[in-house]
Amino acid sequence: MNRSFAVDPRLDLVIERFIDAPTRLVWEALTKPEHLKEWYMPRPWGRVSRAEMDVRPGGIFSIDITVADGREVPNLGCFLEVVPMQRLVWTSMLFPGYRPAVFDDIPITAIVTMEAVGAGTRYVFTALHRNEADREQNRSTGFQQGTEIAVDQFVEHVTAMR
Amino acid sequence: MVQSAAADDVFRALADPTRRRVLERLSGGPASVSELAAPFDMQLPSFVQHLAVLERSRLVKSKKRGRVRTYEIAPARFRVVEDWLTAQRRLWEARLGRFDEYVKQLKDKEAKA
């Protein structure tokens, strides 16, 4: 399948993995709310308190997370592309039904591609991030822009270390 | 590693919206107590207590020059967020680690059924 997006290594992340399990199960675990609840949050970060997924283009992607300090963090977006057992694309930049979204602290477009390799599955997870013009400056001054983002991340990190 | 007591201090410090706004303000550069207090409708002693909580958590540090106390971000505590992408990667690596485990469990369940 043609890749219709470009990865910027300064902004985006790509994680490639192999699972010794059939593609059918990988797809199922990725697209069914009752499964997603089980893995979506690394335990130290929090847990999924509610998940709703209508896996078709424009369909709802909604995951409410209860973080360690009890806060509820909603994640709302929509699916953009659904090719069963091959490719799933969703974004938090659009609400369900392609409605332009309100500001999200770390909006992403997530792309998962998968293919059968022998009896297993190779998958690639890609997260595209918005271009923050001064990310470089952020890095050099440590903590300048997007402070809320940084604080949230920091809380996450500290939670993970507990 | 941040020890648990230090983590508690940081959590307490970040839990309050006033203190988060102070951190945002300080992220633009050092500021005096009165500059920091100006946007808030709050008695100075209460506001100073917020600053004390932040300083105890070591998210900020202060210097006194003459009669003016100036606060600034203490970068050590925030170093961990400097590389934003690293933090994102850590989250997704952990997430997909659980994903893989979970898919394997599904597979084992099917094999037994």
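1. A ground rule to start: two strands pair if DSSP finds at least two bridges between them. Helices (H or I, at least four residues) and strands (E, at least two) are DSSP runs, numbered from the N terminus.

2. Housekeeping. This is a predicted model, where local features need pLDDT of at least 70, side-chain atom pairs count only at pLDDT 80 or more, and totals for chains, interfaces and linings use all residues. Residues are numbered from 1 along each chain as its sequence is written, while chains are lettered from A and ligands numbered from 1 in the order in which they are written.

3. The sheet of chain B. Strands E2(B) and E3(B) (residues 68-73) are antiparallel partners, with six bridges between them. One pair to click on is B:Lys64 with its bridge partner in E3(B), B:Arg69. The open sheet has three strands, ordered E1-E3-E2 with antiparallel pairing. E1 (31-32) and E2 (60-65) of chain B are the edge strands, each with a single partner strand, so one side of each has no neighbour in the sheet.

4. What sits on that sheet? H2(B) packs on it and touches E1, E2 and E3 of chain B. The direction of H2(B) makes about 90 degrees with that of E3(B); such angles run from 0 to 180 degrees between N-to-C directions, and axes are lines fitted to C-alpha atoms, for helices over the stretch in contact. Contact here is when the C-beta atoms of two residues, placed from the backbone, lie within 7 Å.

5. Which residues of H2(B) are buried? They are B:Arg19, B:Val22, B:Leu23, B:Leu26 and B:Ser27. The cut-offs: buried if 20 or more other C-beta atoms lie within 10 Å of a residue's own, exposed if 12 or fewer, partly exposed in between, with C-beta atoms placed from the backbone. Down the axis of H2(B), the buried residues fall within an arc of 140 degrees, so they line one face of the helix. That arc is taken over the directions from the helix axis to the C-beta atoms. Just after H2(B), B:Gly29 has a positive phi of about 140 degrees.

6. H2(B) also has a helix partner. H2 (residues 17-27) and H4 (residues 44-56) of chain B pack at about 70 degrees, with axes 10 Å apart. The two are therefore roughly perpendicular (65 to 115 degrees; under 35 is roughly parallel, over 145 roughly antiparallel, the rest oblique). B:Thr18, B:Arg19 and B:Val22 from H2(B) meet B:His50, B:Val53 and B:Leu54 from H4(B).

7. Now chain A, which has four helices and nine strands. E3 (residues 60-67) and E4 (residues 72-83) of chain A run antiparallel and are joined by seven bridges, with A:Ser62 opposite A:Leu76. Four residues separate the two strands in this hairpin, and A:Gly70 in the turn has a positive phi of about 95 degrees.

8. E4(A) pairs again, with E5 (residues 87-91) of chain A, over five bridges in the antiparallel sense. A:Val83 stands opposite A:Arg87. This hairpin has three residues between its strands, and A:Met85 in the turn has a positive phi of about 65 degrees.

9. Totals for the two chains. Chain B has six helices and three strands. Buried residues are 30% of the 162 in chain A and 24% of the 113 in chain B. Among contacts between residues at least 6 apart in sequence, 37% in chain A join residues at least 24 apart. In chain B, 53% of contacts with a separation of 6 or more come from residues 24 or more positions apart.
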